[in-house]
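Please open the model in your viewer, with the sequence panel beside it, and follow the selections below in order.

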Amino acid sequence: MIRSLTLKLTLAFLFVGLIGALLVAFFAAQRTQRAFDQFVQDRGRTSLITTLAEYFQTNGSWDGVSKVVQHDGTNDAGTMGRAEAIVVCAADGEVVLGGKNYPTGSWVPTSDRVRGIPIQVQGNTVGWLLGGPGPMRPGQGSPEADFLSRIRWAISYSAVGAIAVALLLGFLLARTLTHPLHELTVATQAIARGALGQQVKVRSRDELGTLAVSFNQMSADLAHASTLRRQMTADIAHDLRTPLSVILGYTEALRDGKLPVSQDIFDTMYTEAQHLQHLIDDLRTLSLADAGELPLTRQPIAPQALLERIAAMYRGQAYSQRIELKTHTAANTPDVEVDPERMAQVLGNLMGNALRYTPAGGAITLTAEAAGAGKGAITVRDTGTGIAPKDLSSIFERFYRADPSRQADGSSGLGLAIAKSIVEAHGGSIAVESTLGQGTCFTITLPVTLELQSHSDVESFAQLRA
């Protein structure tokens with residue numbers, strides 16, 4: 001199947017031109033053949049009339065005229081008709097050369113004579129020619145002039161026919177091109193009115209088909225984004241409402257004197273206020289990342305230092321949960337160019353999730369290694385409950401919670417979305433693999449330091465450090 005619209009249009013124009021040329025050639029050939037046959041007939045008729053007139057003028061009568069016609073059967077006149085089809089009658093209507101309908105000696109009525117060709121000598125009609133090569137048209141010109149006239153008409157008719165066919169093919173081609181464009185226009189107007197999720201039929205695999213596929217993807221993404229936006233708004237309202245309700249409830253009770261002032265009440269209000277502040281900070285971080293304005297203080301840092309920092313932060317919690325926390329850094333791991341505080345935030349979020357879903361007796365492993373030329377990789381692997389396959393493609397979405405019970409555990413549902421935004425702001429990527437009942441592995445890929453990027457591969461870096 002042709003996938004190039006340019007090639008399709010070129011072939012279509014070539015096809016229309018070729019069809020037009022073939023039609024002109026066909027119609028012109030047909031009309032020219034008929035015109036030529038008529039030309040030969042007209043010339044034969046003219047030659048026969050001239051021969052008969054000369055015979056009468058020479059002999060003064062029609063006696064022996066049959067010999068002349070039989071002799072002319074070998075010349076141009078005879079080539080256009082058989083002699084027995086010719087009837088020649090005298091001026092008074094007596095048949096001097098008989099044929100099938102009028103034998104010699106019979107009489108031709110006046111009504112039949114006037115339909116024939118007059119044979120004139122010095123302006124006087126001396127006989128009539130009936131039958132012969134082709135019909136006689138009153139007022140016809142010379143055979144040559146008639147032939148040229150027929151050729152002109154043949155060319156004209158052929159051109160008109162070719163134009164009609166070209167218009168039909170052009171209309172079909174234009175409809176083929178404009179129909180998908182019309183569908184796209186209607187769908188676009190529907191989206192402009194707020195009806196998101198419009199889809200158009202993909203009718204080809206050329207540029208128009210690619211445009212239709214891109215439009216369908218864009219429309220689906222817009223609808224999905226709109227759904228996420230509405231869900232995010234609802235989730236934000238819910239997450240803000242819970243701590244605000246607690247704070248407002250306590251402050252109202254304290255104002256009305258329904259509760260005694262106590263340190264526990266202030267501690268609870270402070271904790272809820274911190275939760276609000278944390279949620280607001282998360283939303284601001286996402287907003288800055290979306291706008292490409294997330295401040296980053298990049299500096300070369302060894303991944304081992306990041307891992308040791310995170311391990312030190314969470315070792316106590318892991319110990320209390322009886323979870324083994326391990327770190328491992330490969331020998332050829334290059335330094336990465338990152339903002340240490342932001343990356344600590346990312347790794348801290350991954351560690352928090354790992355600790356939350358890893359049961360007692362499990363293990364969490366932090367690993368750093370090279371990931372090809374110009375890249376370094378950090379992985380956080382646990383032996384926890386794992387993530388269901390249906391949730392893997394959505395866990396980086398904002399406010400997405402694979403476990404609905406986490407609505408009340410104080411998490412905002414923004415942690416992984418923020419982690420992804422921070423990693424991508426560094427020019428890296430984050431991916432996840434998980435198996436239910438066996439654990440989850442998050443892999444962060446980051447660019448190495450600028451100095452190392454000038455080397456062709458990680459082995460060069462290992463040689464430099466050696």
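Leaving aside its neighbours within four places in sequence, with which residues is Ile364 in contact? Select Ile364 and display what surrounds it: with contact meaning heavy atoms within 4.5 Å, the residues are Ile323, Glu324, Leu325, Lys326, Met351, Ala354, Leu355, Thr358, Val380, Arg381 and Asp382.

Before going further, note that this is a predicted model, in which local features need pLDDT of at least 70 and side-chain atom pairs count only at pLDDT 80 or more, whereas totals for chains, interfaces and linings use all residues. Residues are numbered from 1 along each chain as its sequence is written, and side-chain values use heavy atoms, with hydrogens and water left out.

**The whole chain**

Now show the protein chain as a cartoon, where the secondary structure comes to 13 helices and 11 strands; helices (H or I, at least four residues) and strands (E, at least two) are DSSP runs, numbered from the N terminus. Of the 466 residues, 38% count as buried, a term that stands for under 20% relative accessible area, with exposed meaning over 50% and partly exposed in between (1.4 Å probe, protein chains only). Among the contacts in the chain with a separation of 6 or more, 66% are accounted for by residues 24 or more positions apart.

**The five-stranded sheet**

Select β6, β8, β9, β11 and β10, which in that order form an open sheet of 5 strands with mixed pairing; two strands pair if DSSP finds at least two bridges between them. The edge strands are β6 (324-329) and β10, each of which pairs on one side only. On average, neighbouring strands of this sheet are turned by 10° against each other, direction ignored; axes are lines fitted to C-alpha atoms, for helices over the stretch in contact, and angles run from 0 to 180 degrees between N-to-C directions.

Within the sheet, begin with β8 (residues 363-370), which pairs with β9 in the antiparallel sense over 7 bridges, and where Ile364 has Asp382 of β9 as its bridge partner. These two strands form a hairpin with 4 residues between them, and Gly372 in the turn has a positive phi of about 100°. Strand β9 (residues 375-382) has 6 of its 8 residues buried, so it is largely enclosed by the rest of the structure. On to β11 (residues 439-447), which pairs with β9 in the antiparallel sense over 7 bridges, with Lys375 standing opposite Pro447. The step from β11 to β10 is also antiparallel, joined by 7 bridges, and here Ser429 stands opposite Thr445.

Helix α11 touches β10 and β11, its direction making about 25° with that of β11.

**Helix α11 and its cover**

Keep α11 (residues 415-425) selected, since it is mostly covered, with 8 of its 11 residues buried. Including Gly415, Leu416 and Ile418 among the buried residues, the helix is covered there by elements that include α7 (263-290), α9, β10 (429-435) and β11. Gly427, which follows α11, has a positive phi, near 85°.

**The nonpolar cores**

Show side chains for Val346, Leu350, Met351, Ile364, Phe442, Ile444 and Leu446, which have the most contacts inside the largest nonpolar core, a set of 46 residues. Such a core is a set of buried Ala, Val, Leu, Ile, Met, Phe, Trp, Tyr and Cys residues joined through side-chain atoms within 4.5 Å. Helix α9 (residues 340-357) gives the most to this core, with 8 residues. Apart from it lies another core, of 19 residues, among them Leu52, Ala90, Val126 and Leu129.

**The four-stranded sheet**

Finally, select the open sheet of 4 strands in the order β2-β1-β4-β3, whose pairing is antiparallel. Because β2 (95-97) and β3 (117-121) stand at the edges with a single partner strand each, one side of each is left without a neighbour in the sheet. The twist averages 35° from one strand to the next. Strand β1 (residues 86-90) is joined to β2 by 2 bridges, and Cys89, whose bridge partner in β2 is Val95, is buried with a relative accessible area of 0%. Helix α1 (residues 5-59) lies across β1, β3 and β4 (124-131), running at about 40° to β3.
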